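Biologist: Could you walk me through how to read this model, one feature at a time?

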Amino acid sequence: NLNLLVEKVREINAMFGMGFDVDGDRLGVATPSLDDTKNRLRGDDISCIIVKKVIEQAQAAGVEKPVIVVNVLCSDRLKKAIEYYGGRAVESAVGFNKVKEAMVENDAVMGVEISSHIMFRENFNADDAFFAVIKLLGVLRDESYQYEKRGESIPHDLVGKMLDKLDKKLGIERDYHTGEWRTEMVSNQAR
């Protein structure tokens, strides 16, 4: 579905596109970028964009060093971004239920799984793609306002530009991650 979304974003010349899985708990984001590493965003890419706002909101509410749980497959970019913005990254095992458990154990404000389950304490730790979209759109709106205030035009690939800017701040040349992989299940008995 993300491949089709990337094609549609390019076809209609959109700044980005969003898609949800069938039960609405995972968010996919596609950009017009020609760079394959930036045209289909994973959960940790999306979270890199919104994590600053989440940390700022938690700090404004009195949480000195907000905890964000990331599963072990998430990129170093996300972990570095969390630390850069004043939070603390805590790793958990793979599986959204493992991330949720770690959120409760660590009193975390956010949880991220590379498969795009993104959870927020303010939403009862639910993995809710629609809630994540609201966060993402708020950050993109704020970033757009900054361009307008400077009298600059908003980049067509705003999401990709934001990731590039973050990489420069963090001193990252290229974001590496293990990604996800699936093996074919032959039978229940073999499993």
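Modeller: Let's start with Phe-124, which counts as exposed because its relative accessibility is 75%. Buried means under 20% relative accessible area, exposed over 50%, and partly exposed in between (1.4 Å probe, protein chains only). This is a predicted model, where local features need pLDDT of at least 70 and side-chain atom pairs count only at pLDDT 80 or more, while totals for chains, interfaces and linings use all residues. Residues are numbered from 1 along each chain as its sequence is written, and side-chain values use heavy atoms, with hydrogens and water left out.

Biologist: Where is Phe-124 placed?

Modeller: Phe-124 is in the loop between strand S7 (118–120) and strand S8 (126–127). Strands (E, at least two residues) and helices (H or I, at least four) are DSSP runs, numbered from the N terminus.

Biologist: And Asn-125, is that buried or exposed?

Modeller: Asn-125 is buried, at a relative accessible area of 14%. Asn-125 also has its place in the loop between S7 and S8.

Biologist: What should I look for in the backbone there?

Modeller: Most residues other than glycine have a negative phi. Phe-124, which is not glycine, has a positive phi near 60°, and for Asn-125 phi is positive too, near 60°.

Biologist: How do I read a nonpolar core?

Modeller: In soluble globular proteins, nonpolar side chains tend to be buried together. A nonpolar core joins buried Ala, Val, Leu, Ile, Met, Phe, Trp, Tyr and Cys residues through side-chain atoms within 4.5 Å. Here the largest one has 40 residues, and Ile-49, Ile-68, Met-110 and Phe-120 touch the most other members. Elements supplying at least two residues each to this core include strand S4 (67–71), helix H3 (76–84) and strand S6 (110–112). Another core, of 8 residues, lies apart from it, with Val-67, Val-69, Met-103 and Met-119 among them.

Biologist: What is Ile-68 in contact with?

Modeller: Contact means heavy atoms within 4.5 Å. Setting aside neighbours within four places in sequence, the partners of Ile-68 include Val-51, Ile-55, Ile-82, Arg-88 and Met-110.

Biologist: How many residues does H5 have?

Modeller: H5 has 21 residues and reaches 30 Å from first C-alpha to last, close to the 30 Å expected at 1.5 Å a residue. That expected span is 1.5 Å times one less than the number of residues. Its buried residues include Phe-131, Leu-136, Val-139, Glu-143 and Tyr-147.

Biologist: Which elements do the buried residues of H5 pack against?

Modeller: They pack against strand S1 (17–20), S2, H2, S7, S8 and H6.
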